[in-house]
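Please look through the structure shown below before reading on. The paragraphs that follow lead through it step by step.

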Amino acid sequence: MTTRVLLLTGDQDLDTSIAELLALDGLTVARDRRAEPVHVVLADLDHLPEDWSLRLLRQRIGRLPCLLMSGSPFSGPYTATTLARGYFLYKPFSPEQLLVRLRRCVSEGSLGC
C-alpha cells in the first residue's frame with residue numbers, strides 16, 4: 001500500500017519540490033484529506049495555506065502523525081508537542097532528512113520524532 005501524504009504549504013516552490021521528492025520515493029501526495037484518506041500530514045508552519053491555521057490543523061488531523069516544518073527553533077517544536085502525534089523538522093533540511101523523518105513519523109506511534 002502506498003503511503004499518502006497530505007502536504008500543506010502556501011509556498012508554491014516548496015510544494016512543487018517536496019511533491020516531486022515524495023513521488024520519487026514512492027509516496028503519494030494528497031491535496032484534500034476529505035477527498036482521499038491520508039497516512040501522514042506534512043505541514044509548513046512558516047507558510048500554511050490560506051485556508052488553514054494552527055487551530056484548524058489541530059482540529060482536522062485527529063490522531064494522524066503530523067510532521068511540522070519550520071525555520072523557528074522555538075515555535076515549531078512547541079507546536080509539535082500540542083498535537084496528538086506531532087513531529088518536527090527544522091529548516092533548512094536535506095531531502096534525505098525529510099524522507100527519513102517522514103517515514104519515522106508514519107511508523108512510530110510515540111510522540112516526538
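**Cysteines, cores and overall form**

The sulfur of Cys-66 lies 8.6 Å from the closest cysteine sulfur, that of Cys-105, which is too far for a bond. A disulfide is a covalent bond between the sulfur atoms of two cysteines. Here the term is applied to a pair of cysteine sulfur atoms within 2.5 Å. A search of the whole structure accordingly finds 0 disulfides. Cys-66 is buried, with a relative accessible area of 0%, and Cys-105 also counts as buried, at 0% relative accessibility. Buried means under 20% relative accessible area, exposed over 50%, and partly exposed in between, with a 1.4 Å probe and protein chains only.

This is a predicted model, in which local features need pLDDT of at least 70 and side-chain atom pairs count only at pLDDT 80 or more, whereas totals for chains, interfaces and linings use all residues. Residues are numbered from 1 along each chain as its sequence is written, and side-chain values use heavy atoms, with hydrogens and water left out.

Consider next the elements of the chain. The protein chain contains 4 helices and 5 strands; helices (H or I, at least four residues) and strands (E, at least two) are DSSP runs, numbered from the N terminus. Along the sequence, their pattern is β-α-β-β-α-β-α-β-α. The radius of gyration, taken over C-alpha atoms, is 13 Å, close to the 13 Å that the globule rule (2.2 Å times the number of residues to the power 0.38) gives for 113 residues, so the protein chain is as compact as a globular protein of that length.

The interior can now be examined. Of the 113 residues of the protein chain, 43% count as buried. A nonpolar core is a set of buried Ala, Val, Leu, Ile, Met, Phe, Trp, Tyr and Cys residues joined through side-chain atoms within 4.5 Å. The largest such core has 19 residues, of which Val-5, Ile-18, Leu-22, Leu-42, Leu-67, Leu-98 and Leu-102 touch the most other members. Two or more residues of this core come from each of β1 (4-8), α1 (12-24), β3 (40-44), β4 (66-70), β5 (86-90) and α4 (95-107). The element that gives the most is α1, with 5 residues.

Ile-18 is in contact (heavy atoms within 4.5 Å) with Leu-7, Leu-42, Met-69 and Leu-98, leaving aside its neighbours within four places in sequence.
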